[in-house]
Amino acid sequence: MRPMDSSPISPPIRSVCVYCGSSETTRPEYLDLATRFGAALAQRGLRLVYGGGAVGLMGRCAKAANAAGGDVLGIMPRFLERREIVFEAVPHRLVDTMHERKMIMFEESDAFVVLPGGIGTLEEAVETLSWARLDLHAKPIVFLSEDDFWAPFFHLLDHTVDANLTPASFRNAVANVHSIEACFETLRSPAKV
Ligand code: AMP
């Protein structure tokens, strides 16, 4: 196996937004992936922007990035403070609404990585995809899992392409990768969304 390439990713990618699950009871492999991905961001000098919580994949990712000396910014809606438990050790902003949270996460980030997650993760990822589809941004969006967790989502996307509801060019620009290394390679030379 080749050693992981931990060379820095040059600007314009300085901050990476991670969308991922808040569940503590998901598969341990997913929690482990989030831990390794957080550390990998820090090793490359990339700031993690995320939902601000200390639970689930989001908590694992932020704690690992912080432990590895990386910058982290969390954005937490006040009404979720208790449920998702703010990770106080890193800079975080408290906001009033989900919409504010997503907008700040979007504005503070140069690229998006989607780890396994539930309905909240899907919602965030699909909104960011839909903004790209509307040409509101051209920031890379990469889905990352090691077991092809996102395959059903990509089947659905293909289904919309088959019906001429989504252009194939758009679908092809959304990356579905299966290793942390492949994720950073894609961020180094992203397809244009
Ligand atoms: P989940 O994948 O369901 O565990 O949710 C992952 C993260 O997405 C959690 O931090 C949720 O609070 C967040 N989330 C859920 N729904 C939304 C939404 N509509 N807008 C922004 N974040 C959300």
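## Cysteine 17, tucked inside

Cysteine 17 is buried, with a relative accessible area of 0% (buried means under 20% relative accessible area, exposed over 50%, and partly exposed in between, using a 1.4 Å probe and protein chains only). This is a predicted model, where local features need pLDDT of at least 70 and side-chain atom pairs count only at pLDDT 80 or more, while totals for chains, interfaces and linings use all residues. Residues are numbered from 1 along each chain as its sequence is written, and side-chain values use heavy atoms, with hydrogens and water left out.

Cysteine 17 sits in strand β1, residues 15–19 (helices, H or I with at least four residues, and strands, E with at least two, are DSSP runs numbered from the N terminus). Leaving aside neighbours within four places in sequence, cysteine 17 is in contact with Val49, Met105, Ser109, Ala111, Phe112 and Val113 (contact means heavy atoms within 4.5 Å). Cysteine 17 and aspartate 110 are 93 residues apart in sequence, yet their C-alpha atoms are 7.6 Å apart in space.

## The overall fold

How many helices and strands does the protein have? There are eight helices and seven strands. The radius of gyration is 16 Å, close to the 16 Å that the globule rule gives for 193 residues, so the protein is as compact as a globular protein of that length (the radius is taken over C-alpha atoms, and the rule is 2.2 Å times the number of residues to the power 0.38). Along its principal axes, the C-alpha trace spans about 45 × 40 × 35 Å.

Buried residues make up 51% of the 193. Of the contacts with a separation of 6 or more, 71% are between residues 24 or more positions apart.

## Salt bridges

A search of the whole structure turns up eleven salt bridges (a side-chain nitrogen of Lys or Arg within 4 Å of a carboxyl oxygen of Asp or Glu). One of them joins aspartate 147 to arginine 27, with the closest N and O atoms 4.0 Å apart. Aspartate 147 is in the loop between β6 and α6 (151–162) and arginine 27 is in the loop between β1 and α1 (28–43), so the pair ties together parts that are 120 residues apart in sequence. Arginine 47 also pairs up, with glutamate 108, at 2.8 Å between the closest N and O atoms. Here strand β2 (residues 47–50) holds arginine 47, while glutamate 108 is in the loop between α4 (98–107) and β5 (111–114), so this pair ties together parts 61 residues apart in sequence.

Asp32, Arg36 and Glu146 are linked in a salt-bridge network.

## A buried charge without a partner

Glutamate 124 belongs to helix α5 (residues 119–133). Glutamate 124 is buried but has no salt bridge; the nearest side chain of opposite charge, arginine 101, is 4.3 Å away (Lys and Arg count as positive, Asp and Glu as negative, with His and the chain ends not counted).

Isoleucine 85 has a positive phi of about 50° although it is not a glycine. Isoleucine 85 lies in the loop between α3 (81–84) and β4 (92–95), and its 44% relative accessibility makes it partly exposed.

Aspartate 135, also not a glycine, has a positive phi of about 60°. Its place is the loop between α5 and β6 (141–144), and at 65% relative accessibility aspartate 135 counts as exposed.
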